[in-house]
Amino acid sequence: MTDTIDAPAAAIPTPADAGGERRLRALMKRGTDFLGSDWAILGGAMSWVSERNLVSAISNAGGFGVIACGAMTPDLLDREIAATRALTDRPFGVNLITMHPALSDLIDVCARHGVGHVVLAGGLPPAGSLDRIKASGAKVICFAPALALAKKLVRSGVDALVIEGMEAGGHIGPVSTSVLAQEMLPDVADLLPVFVAGGIGRGEAIAGYLEMGAAGVQLGTRFVCATESIAHPAFKKAFIRASARDAVASVQVDDRLPVIPVRALKNAGTEAFTAKQREVAGLIDSKAVEMAEAQLQIEHYWAGALRRAVIDGDVEHGSLMAGQSVGMVKREEPVTAIMSELIGEAAAALSRRGTGATVG
Ligand SMILES: Cc1cc2nc3c(=O)[nH]c(=O)nc-3n(C[C@H](O)[C@H](O)[C@H](O)COP(=O)(O)O)c2cc1C
């Protein structure tokens with residue numbers, strides 16, 4: 001471990017009075033009823049990072065852990081769910097990427113294990129997938145990148161939405177969390193539980209989004225340096241050293257090849273991605289690959305690059321996917337410490353705002 005990782009523990013936030021915590025629980029009630037957790041805080045699935053150890057630690061701490069299936073085969077997912085179950089008896093979810101070629105087998109694996117919540121990421125769910133997940137008794141959570149799509153997803157029967165702004169780590173859309181929350185919460189928060197993600201590093205922001213109508217929040221970056229996270233010490237050290245401005249979005253270099261931007265800490269791998277895009281664009285030009293295959297190659301590139309950094313610790317050439325909240329990651333600490341800091345800050349913020357407002 002490095003000296004940076006061993007930095008002194010966080011100052012304990014000023015304890016909120018009971019009123020602040022009561023109000024926080026009331027604002028989160030819809031989210032906690034939906035998730036079955038103590039707090040409506042999802043640990044956003046992060047490929048290679050969100051595996052049995054971090055997921056069970058988040059659920060055991062009262063949050064809601066989510067396994068990142070990423071590019072796992074159905075067999076691997078099967079083992080990961082079983083191993084997570086062995087570490088926690090609290091609820092947790094599984095995140096599946098819609099473009100995974102074995103999506104329907106992965107849905108079957110979740111159903112066999114009685115997974116209660118499936119999060120579908122990476123685009124609109126393919127026909128039939130929602131019904132198959134729901135037929136297993138699981139709840140479906142989808143990402144909604146814009147209001148019109150959110151309404152479409154509600155009509156198609158999803159049970160909850162995540163709205164994720166461009167401050168987030170990993171694949172991102174073009175709009176910030178604060179704008180998405182203002183545009184979408186007034187229209188959809190009454191229809192189904194909505195969880196806000198992207199750029200959340202402290203409890204005050206959690207309190208703010210709850211007051212705007214969110215049922216809860218989803219955080220990724222803030223959990224990467226948890227003691228329980230298996231991310232390589234070099235990966236964690238890069239997070240602890242970084243500030244918000246180091247987490248930059250990738251740039252599309254070729255008009256013919258639309259790539260979903262990825263937010264990550266800047267390193268030599270950032271330039272390597274530019275070269276990779278040129279290589280794949282060349283393959284399209286020479287008709288060696290179709291567009292769908294080209295985009296899949298880009299996604300495989302990211303999965304490999306992320307593994308290289310998270311697992312092997314190659315923080316120079318691998319991908320250091322991180323959100324702008326990385327500047328608020330100060331040390332390695334147990335998930336329970338991260339959770340109680342967030343809860344303490346949120347409750348204190350609500351208690352400072354007084355007791356004028358009532359919640360149902
Ligand atoms: C290292 C890393 C890997 C991620 N991998 C995935 C993934 O595989 N699937 C997914 O839906 N989201 C992924 N995300 C996004 C998170 O689930 C979460 O929504 C996001 O981190 C929230 O924003 P924040 O980073 O500002 O907290 C990833 C994020 C990070 C930082």
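## Basis of the description

The model is predicted, and local features need pLDDT of at least 70 while side-chain atom pairs count only at pLDDT 80 or more, whereas totals for chains, interfaces and linings use all residues. Residues are numbered from 1 along each chain as its sequence is written.

Helices (H or I, at least four residues) and strands (E, at least two) are DSSP runs numbered from the N terminus. Helix H7 comprises the 12 residues 177-188, which at 1.5 Å a residue should span 16 Å, and the distance of 15 Å between its end C-alpha atoms agrees with this; the expected span is 1.5 Å times one less than the number of residues.

The buried residues of H7 are Thr-177, Leu-180, Ala-181, Met-184 and Val-188. They lie on the same side of H7, because they cover an arc of only 105° around the axis, the arc being that of the directions from the helix axis to the C-beta atoms. The face turned away from this buried side carries Val-179, Gln-182 and Pro-186, which are exposed. The cover over the buried residues includes helix H6 (147-155), strand E6 (160-164), strand E8 (194-197) and helix H8 (203-211).

## Two domains

Domain 1 (18-232 + 329-352) and domain 2 (243-321) divide the chain, with bounds that come from an automatic or database domain assignment. Their C-alpha centres lie 25 Å apart, and 14 residues of domain 1 are in contact (C-beta atoms, placed from the backbone, within 7 Å) with 15 residues of domain 2. On the side of domain 1 that touches domain 2, eight residues are nonpolar, six are polar and none is charged; here Ala, Val, Leu, Ile, Met, Phe, Trp, Tyr, Cys and Pro count as nonpolar, Asp, Glu, Lys and Arg as charged, and the others, Gly among them, as polar.

## The shell around the ligand

The ligand is surrounded by 27 residues, of which the closest are Gly-44, Gly-169, Gly-170, Gly-220 and Gly-323; a residue is near a molecule if its C-beta atom, placed from the backbone, lies within 6 Å of it. This shell divides into 11 nonpolar, 13 polar and three charged residues.

## Positive phi in two loops

Trp-48, although not a glycine, has a positive phi of about 70°. Trp-48 lies in the loop between strand E1 (41-43) and helix H2 (52-60), and counts as buried because it has 20 C-beta neighbours inside 10 Å.

Lys-287, also a residue other than glycine, has a positive phi near 60°. Lys-287 is placed in the loop between helix H10 (268-285) and helix H11 (291-310), and counts as exposed because it has 7 C-beta neighbours inside 10 Å.

Key
Contact = placed C-beta atoms within 7 Å. Buried ≥ 20, exposed ≤ 12 C-beta atoms within 10 Å, placed from the backbone.
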